[in-house]
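Good morning, and thank you for coming.

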Amino acid sequence: MRLRTIAVCSAVLVFASMALASSAGAVSFTTPFQLMGTDGTSATGPSGGEPSIAADPLGHVYVSGPQGIPSGLNGQPGIGFWSSSNDGTSFSRGKYIGSYLGGGDSDVIVAGTPKPNSVFVSDLEAAATEICLSTDFGSTFNSIGPLPDPGNCSQVGPGQAGPSNDRQWLTYDPTGKQMYLTYHEFVSAQPVVFRSDNGGGDQFTAGPCGPIITDPNIEANVPTDITGGTLVARPVVDSKGNLYILFATTTQQQNAAALQAGQPSGTFSQLYLAVSKDHCQSFTDSTVYDGTAGGANTNTVQFGDVFNNLAIDGAGNLYVVGVGFVNTPSNTATTWMLSSRDGGQTWQKQPMQLDPTQAGSSAYMLPAAVGGPQAGQLAVGYFRTTNGVTDPNNTKGKWTYSTAESSNANGASPTFTYTDVNPGHIYHTGEICNLGILCGAVPGGPSDRSLLDFTAVALDPSGCPLFTFAGNSPGSTTSNYVTRQTSDCFSRS
């Protein structure tokens, strides 16, 4: 539900110097499975848009997705939920879980507490988040916390956490059994985090969690106006239990330049990483990428069309993946990657552009990224136009869903394999608005937000990526889809 900024630069500068080459492997996927409603069709029950996905070691796969807030106005609680017991080959009919006050942003994870393979789903209410827990593979849910939940996560439950909440993420630390709830706080525009030490039984009040932004120079770049603030990516935890939180900001100077140009906000040009080595009690901040380096404050860099991704591989290498423009035409959107081999202390100087051979003939939107179990393994998914449209806000765009995968993404010259999950199939026609909740609110601006703001990816027990994304045809209901990679999956040894 985060707000998006508007691209304001039209100058054509140079691409990043380190282009990524394609590698020659063959990758295949299952035909994307359309998640259905309560009667087995797409016409009733939960609809699609920005689905989250999680998988357990036993072959269960779970998908959740927002339904509109407050969902009680539509006569049902919370968010949509689908489950699979056969590694994503097929899914149960969708059902609603959560709060009558919710239905906003959602997230789903699998954790080892309170029982192995516990499923947690978060449902945004804005005033807080209701968090639901299942210990029977998603068959039934109850609100977290010490109080009973007679409504079984179908009304307004007692499992409330995280006041003043926007775009919340759940993260599990298997090394210490902690869980984290991280989000963008509405009033201060700060990224904040809460911790649970007992599978949500303490309603994420264990803490104390220190402020994520501790560098005053970074804090100075955090505007508190309605279109600025911070854009927070899903956090990751490494094998030592260190917590990594990626966030992006505009700058005050860029906001001023945008205002002079008649735009509501500057671009999200600044990427920062906050690291905690003491279970969120304290954080150290560092710069991943400074989009104003060299004194430029003219909005020539944009990350986050719409959410950026932070991924980690089994060796602890970190990857940042985002869609936008980096000193390239602002009415285009391409995919960029930065990597770190030292726990986020240092990053490559310039972002690398994925799929460079298509850069002049495709637009990209809504990326997802996950690291594999071995060093250098990285899988990225995104929407890509197939008809030469390079502006994501062009109403003539024809979009398919594509992937980029590498086994040496941590190297000096990574190679990637590029694959459409369902070659020749168009999952969306028209624009994919990159303004978030401002879609349709800016005169003359884009308005189609029917896919919402992101796609998602997880790994199954065999190291095969599971991608989920929304899709629709003109005039049809938006549905979520899931596809599983079936060849050249990531090796776990």
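R167 lies over the face of W169, 4.0 Å from the ring centre. A charge is said to sit over a ring if NZ of Lys or CZ of Arg is within 6 Å of the ring centre and within 35 degrees of the ring normal. Please bear in mind that this is a predicted model, in which local features need pLDDT of at least 70, side-chain atom pairs count only at pLDDT 80 or more, and totals for chains, interfaces and linings use all residues. Residues are numbered from 1 along each chain as its sequence is written, and side-chain values use heavy atoms, with hydrogens and water left out.

I turn now to the aromatic rings. A pair of aromatic rings is described by the distance of the centres and the angle of the planes. Here, rings of Phe, Tyr and Trp (its six-membered ring) pair if their centres lie within 6.5 Å; planes under 30 degrees apart count as stacked, over 60 as edge-to-face and the rest as tilted. How many aromatic pairs does the structure hold? There are 19 aromatic pairs. One of them is formed by W169 and F454, a tilted pair with 5.6 Å from centre to centre and 50° between the planes. This pair links distant parts of the chain: W169 is in strand β12 (residues 165-173), F454 is in the loop between β29 (428-429) and β30 (456-459), and 285 residues separate the two. Strands (E, at least two residues) and helices (H or I, at least four) are DSSP runs, numbered from the N terminus. W169 counts as buried because its relative accessibility is 5%, and F454 counts as buried at 4%. Buried means under 20% relative accessible area, exposed over 50%, and partly exposed in between, with a 1.4 Å probe and protein chains only.

A further tilted pair is that of F247 and Y272, with 5.6 Å from centre to centre and 40° between the planes. F247 lies in strand β17 (residues 243-249) and Y272 in strand β18 (residues 270-276), so this pair ties together parts that are 25 residues apart in sequence. Both F247 and Y272 are buried. Elsewhere, one aromatic cluster is formed by F29, F383, Y401, Y427, F467, F469 and Y481.

Let us proceed to the nonpolar cores. In soluble globular proteins, nonpolar side chains tend to be buried together. A nonpolar core is a set of buried Ala, Val, Leu, Ile, Met, Phe, Trp, Tyr and Cys residues joined through side-chain atoms within 4.5 Å. Which residues touch the most other members of the largest nonpolar core? They are L273, L378 and F383, in a core of 80 residues. Leaving aside neighbours within four places in sequence, L273 is in contact with several residues, among them Y244, L310, L318 and W347; contact means heavy atoms within 4.5 Å. A second, separate core has 13 residues, including A111, A161, Y183 and F204.

Y244 itself is found in strand β17 and counts as buried at 4% relative accessibility.

T403 is found in strand β27 (residues 398-406). Is T403 buried or exposed? T403 is buried, with a relative accessible area of 1%. Beyond four places in sequence, T403 is in contact with residues including F29, Y382, V421 and F467. T403 and V421 are 18 residues apart in sequence and 7.1 Å apart in space, C-alpha to C-alpha.

Finally, some points on the backbone. Where is the cis peptide bond with omega near -5°? That bond runs from I69 to P70, and P70 lies in the loop between β4 (61-65) and β5 (79-84). The peptide bond from D305 to V306 is also cis, with omega near 0°, and V306 is in the loop between β20 (301-303) and β21 (309-312).

C280 is not a glycine, yet has a positive phi of about 75°. C280 is found in the loop between β18 and β19 (284-290) and is buried, with a relative accessible area of 0%. D355, likewise a residue other than glycine, has a positive phi near 50°. D355 lies in the loop between β24 (352-353) and β25 (364-371) and counts as buried at 6% relative accessibility.
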